[in-house]
Amino acid sequence: MAETESRPTNFIRQIIDKDLEQGIHTAIQTRFPPEPNGYLHIGHAKSICLNFGVAADYQGQCNLRFDDTNPEKEDIDYVNAIMQDVDWLGFKWDGDVRYSSNYFDQLYGFAVELIEKGLAYVDFSSQEQMREMRGSLKAPGVNSPYRDTSVDENLALFTKMKNGEFKEGECLLRAKIDMASPFMCLRDPALYRVRYAHHHQTGDKWCIYPMYDFTHCISDAIEGITHSLCTLEFQDNRRLYDWVIDNISIPVQPRQYEFSRLNLEYTVLSKRKLIQLVEEQHVAGWDDPRMPTISGLRRRGYTPQSIREFCKRIGVTKMDNMVEMSMLEACLREELNTDANRAMAVLSPLKIVIENFPEDGQMLNAPNHPSDETRGSRELPFTRVLYIEADDFKEEANKKFKRLVLGKEVRLRNAYVIKAERVEKDEQGEISTVYCSYDPETLGKDPADGRKVKGVIHWVSAESGIPAEIRLYDRLFNVPNPAAEDDFTQCINPESYVIKHAIVEPSLKDIAVSQPIQFERTGYFCKDPDSQGDKLVFNRTVGLRDTWAKVNQS
């Protein structure tokens, strides 16, 4: 289980404290109940941290349960991905993984009980007729003509539904509550529908499947959940949750509590919209590093600790708000600044030749982390021909430019002071080579005559450097709230995925996949699983500082 830091207080913990104090509960049981119809995203991480965190802090238990009531949209691949994500975030569920489908026999029995009590009926109205009878927020609904069918006939019809004697869409089982209720969820909601679909857990045993709202509360009760925590969009549905529990013979009566869902700038967290991004190939898949999915964040280089810290900082409230992307990125930067070793990579190579440097080169020593000697050091080949960033050289520049300028000096990171003497240009007039000289007395020290050299730039040996594909990922959308746009796909940031063909220092050849690394002066990166053999691929995780707001407001 993930380590538990200091316990933050929030309204849910205050409820739990009061319940324990009053003896309403003696132990806490929570659950994380995803539907296996997509991948988990950063919003789910908030719920995971809350449910598992509460259970851990109160020495309780938390189940992982799949609310798998819609086999047409569910897949075992989603099940496996969700389990991997929860485990990667650092949480362990109590006992075996659970499925609502484990309770299908009991759910069917409770549906029969509601029919016997005159609280459910089989309705043959068409979807259009039901929509008309349902009414609106301003007008009450109208009773179905099938609402007063006898108990015995409803029992027989429901049995026929179970036995596959009706076509899909021909009928469904509805709760008999109140068609005039001001709450739409209580206007005789559907409990069961006919679906001839293969289920990833139960196979072809069932041709009727319970609705989510009917299943969820009963599954909570069967598992002894004490505090059923969900997001605010289920607030009205709490009335249906309680109605079902109050009208069936089940000893445990869990309570539902709602908190605000996560809304994050420059992304979408609607599963429907995420599916659209994948299916329309706006992204490369669920684990595309631009996606807000846990798998996408993991591939991009986010860590479990940074995501848990982010969820801790945003807190748990009942107020909807938009969280700045910079807050998530700050949690990551703070961790990687401490935990990531340093290396050098040149993303836009410009060749320099140090004309007075020996032909056989030299091995230099560089620390793996400037603030942590325990991380050791690495050897860097320093040769006569090097690569620097093209942006780090100008023929002419003002005093604010602290890099290499023709006729002036700059220090190479962990190496010598060099001076740009002359340039060579190609047929297009672009600089192809900068010829330099070096001061052999400046390795690890300032020039002996007191010259002030303020700038420091990074470099890679042309002879020993390794080619690498650098994938510069940025925010997927170029507006803060893409979900509010008429067509959110039109707001995709064209600069969200840029490929650079770089040269990196040789120490990066054997770095592990997903291991974080700071490319000095550039940002934090990680090795992508696409790296195979001699092919090196690195993903930009996050820049060294937040420049998005400054760039996009200018």
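User: Before we start, what pLDDT do local features need here?

Analyst: Residues are numbered from 1 along each chain as its sequence is written, and side-chain values use heavy atoms, with hydrogens and water left out. This is a predicted model where totals for chains, interfaces and linings use all residues, side-chain atom pairs count only at pLDDT 80 or more, and local features need pLDDT of at least 70.

User: How far does helix 3 reach from its first C-alpha to its last?

Analyst: Helices (H or I, at least four residues) and strands (E, at least two) are DSSP runs, numbered from the N terminus. Helix 3 covers residues 76-88, which is 13 residues. The expected span is 1.5 Å times one less than the number of residues. That expectation comes to 18 Å, and the reach of helix 3 is close to it, at 18 Å.

User: Which residue caps the N-terminal end of helix 3?

Analyst: A polar contact is a pair of N or O atoms within 3.5 Å; within protein, one must be able to donate a hydrogen and the other to accept it, and residues adjacent in sequence count only if both atoms are side-chain atoms. Here the backbone nitrogen of Asp77 has a side-chain oxygen 2.7 Å away, and that oxygen belongs to Asp75.

User: Is Asp85 buried or exposed?

Analyst: Buried means under 20% relative accessible area, exposed over 50%, and partly exposed in between (1.4 Å probe, protein chains only). Asp85 sits in helix 3, where Tyr78, Val79, Ala81, Ile82, Met83 and Val86 are on the buried list too. Because its relative accessibility is 1%, Asp85 counts as buried.

User: Which residues does Asp85 touch, leaving aside neighbours within four places in sequence?

Analyst: Contact means heavy atoms within 4.5 Å. The buried residues of helix 3 pack against several elements, including helix 2 (42-57) and helix 10 (294-300). For Asp85 itself, the contacts are Leu40, Ile294, Ser295 and Arg298.

User: How do helix 7 and helix 8 sit, roughly parallel or oblique?

Analyst: Axes are lines fitted to C-alpha atoms, for helices over the stretch in contact, and angles run from 0 to 180 degrees between N-to-C directions. Helix 7 (residues 212-222) and helix 8 (residues 238-246) pack at about 60 degrees, with axes 9 Å apart. Angles under 35 degrees count as roughly parallel, over 145 as roughly antiparallel, 65 to 115 as roughly perpendicular and the rest as oblique. So helix 7 is, relative to helix 8, oblique.

User: What handedness does the crossing of helix 7 and helix 8 have?

Analyst: A crossing is left-handed if the near helix is turned anticlockwise from the far one by less than a right angle, and right-handed if clockwise. Among the residues that meet are Phe214 and Ile218 in helix 7, and Leu240 and Val244 in helix 8. The crossing of this pair is right-handed.

User: Which residues of helix 7 make the contact with helix 4?

Analyst: Helix 4 (residues 104-116) packs with helix 7 at about 110 degrees, the axes being 11 Å apart. That makes helix 4 roughly perpendicular to helix 7. On the helix 4 side, Gln106, Leu107, Phe110, Ala111 and Leu114 make the contact; on the helix 7 side, the residues are Phe214, Thr215, Ile218 and Ile222.

User: How far apart are the axes of helix 1 and helix 2?

Analyst: Ile12, Arg13 and Ile16 in helix 1 meet Leu50, Gly53, Val54 and Asp57 in helix 2. The crossing is right-handed. Helix 1 (residues 11-21) packs with helix 2 at about 35 degrees, and the axes are apart by 12 Å.

User: What is phi of Asp188 near?

Analyst: Most residues other than glycine have a negative phi, and most peptide bonds are trans. Asp188 is in the loop between strand 5 (172-175) and strand 6 (190-194), and it is buried, with a relative accessible area of 2%. Its phi is positive, near 45 degrees.

User: And what is the relative accessible area of Gln59?

Analyst: Gln59 lies in the loop between helix 2 and strand 2. Its phi is also positive, near 50 degrees. Gln59 is exposed, with a relative accessible area of 68%.

User: Which backbone nitrogen does the side chain of Asp439 reach?

Analyst: Asp439 lies in strand 22 (residues 431-439) and is buried at 17% relative accessible area. At 3.0 Å, its side chain reaches the backbone nitrogen of Glu441.
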